[in-house]
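Open the model in your viewer and keep the selection tool ready. Each stop below tells you what to select and what is there.

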Amino acid sequence: MMIAAPDIQVERSTSSKLPGVVLENIPFGRVFTDHMLEADFEGGEWKNVRIKPYGPIEVDPSNAAWHYGQSIFEGIKAYPLPGGEVAIFRPYDNFRRFNISARRMQMPEVPEEIFIEGMRQLIAVDKDWMPHYPNHALYIRPFMFASDNAIGVRPSENYKFMVILSPSGPYYTAPMRIYVEEQYVRAVKGGVGYAKTAGNYAAAMLATAEARAQGYDQVLWTDAFEHRYVQEIGTMNVFFVLDGKVVTPDLSAGTILAGVTRDSVITVLREAGVVVEERAIAIEELLTAYKAGQLTEAFGAGTAATISTIKELRYKEEVMHFDPASLRMTPMVLERLNAIRYGHVPDVHEWLFRV
Ligand SMILES: *Cc1c(COP(=O)(O)O)cnc(C)c1O
């Protein structure tokens, strides 16, 4: 149920950290702006929606989110447009996904008046933090967690919703070496794979650490029943160029996070006349195609890095190599997405939400 939000109170910080920050090439996710948004769910309604100086919050040791994991988040970017304007990329898609995660985790939905309008006002208050440089962005992290102070497994009655902002330089990821995971499992049908919930990331860390110890950057998750069908990589959806077509796993099992970047990639590819198939992809199919010279490119897609190329895919004793210098589809997709996000071409999909 949508509940009309009360007005957003603004308490401005008395001194800005900005003079001590170099925005150009700032590393991802380490520096936060001067303000944050906070709202409380109490007595069945959202209240106390406020923008206030960024800083620590007090949390009781019995906080329910810490113990039982009712915690969800989103990742969104706002981009500098020519002429000094700022636009958030597809925030309504993240808003809808946030509430899908909330329902799965038995948490209250956040109304648009708080999620979208709160984010817009927060960015307006901290607008000087937008890095107006090529390939820079302002990363937006909305999140919600249970805030009951009581031990006992049950859905919390109280929640906190917050938004923080982090200026971000070009998020370059070197071409990745990927290990096809066959021991650990990220998501299973009926589980929480489609929710952006904190526990999914904790559950993935051991497998990723073991792959890293062997020289890989990330794992490519496979299905929980047969370890046969590919799912996704870290915080990225995965795409393959197969015989001139592009294939990506479909979302029907609920085991994959429905990425906004994934949807944007599919859209721009189809507009460019490329055939895109969303379907089950067996790792054996990829291997057979690779040996026949038909699997030519592989990449990950997510908000943080946008597109990350894969240079090596290891499955059992087999290694598939992709020469980063010979890619065609991957750079084309990135170029088209960047042109839209930075306002260099008309926004025909209405993906840009001007602040
Ligand atoms: C966030 C995320 C993605 C990418 O989603 P975007 O909306 O494109 O950023 C993919 N997989 C997982 C597991 C994620 O958490």
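Select N48 in strand β3, residues 45-53. Strands (E, at least two residues) and helices (H or I, at least four residues) are DSSP runs, numbered from the N terminus. Phi of N48 is near 55°, a positive value in a residue other than glycine. Most residues other than glycine have a negative phi. N48 is partly exposed, with a relative accessible area of 39%. Here buried means under 20% relative accessible area, exposed means over 50%, and partly exposed is in between (1.4 Å probe, protein chains only).

Before you move on, note what you are looking at: this is a predicted model, in which local features need pLDDT of at least 70, side-chain atom pairs count only at pLDDT 80 or more, and totals for chains, interfaces and linings use all residues. Residues are numbered from 1 along each chain as its sequence is written, and side-chain values use heavy atoms, with hydrogens and water left out.

Next, select K316. This residue has a positive phi of about 50° although it is not a glycine. Look for K316 in the loop between β16 (306-315) and β17 (318-321). At 46% relative accessibility, K316 is partly exposed.

**The ligand**

Now select the ligand. Where does the ligand sit? The ligand is in the largest pocket. A pocket is found on a 1 Å grid over the protein atoms alone: it is an open set of points where a 1.4 Å probe fits, with protein on both sides within 12 Å along at least five of seven lines. A molecule sits in a pocket if more than half of its atoms lie within 2 Å of the pocket's grid points.

Two elements give two or more residues to the shell around the ligand: β12 (236-242) and α5 (260-271). Show the 15 residues around the ligand; K196, Y201, E232, T261 and T303 come nearest. A residue counts as near if one of its heavy atoms lies within 4 Å of the molecule.

Which side chains put a polar atom 2.6 Å from a ligand oxygen? T261 does, with a polar side-chain atom 2.6 Å from an oxygen atom of the ligand. T303 does too, through an N or O atom of its side chain, at 2.6 Å. Then pick K196: an N or O atom in its side chain is 2.7 Å from an oxygen atom of the ligand. The protein covers 98% of the 380 Å² of accessible area that the ligand has on its own. Accessible areas come from the Shrake-Rupley method with a 1.4 Å probe.

**Buried positions**

Go to V110, in the loop between α2 and α3. V110 is buried, at a relative accessible area of 0%. Draw a C-alpha distance from V110 to F161: these two are 51 residues apart along the chain and separated by 7.9 Å.

A137 is buried, at 3%. A137 and Y342 are 205 residues apart in sequence, and their C-alpha atoms are 9.4 Å apart.

Pick F299 in strand β15, residues 295-302. F299 is buried at 0% relative accessibility.

Select K160 in strand β8, residues 159-168. Is K160 buried or exposed? K160 is buried, with a relative accessible area of 12%. Its side chain makes a polar contact with the side chain of E38, at 2.6 Å. A polar contact is a pair of N or O atoms within 3.5 Å; within protein, one must be able to donate a hydrogen and the other to accept it, and residues adjacent in sequence count only if both atoms are side-chain atoms.

Finish at T208 in helix α4, residues 198-213. T208 is buried, at 11% relative accessible area. The T208 side chain reaches the backbone oxygen of A204 at 2.8 Å.

Notes
On a 1 Å grid over the protein atoms alone, a cavity is a set of points where a 1.4 Å probe fits but cannot get out, and a pocket is an open set with protein on both sides within 12 Å along at least five of seven lines; lining residues have an atom within 4 Å of a point.
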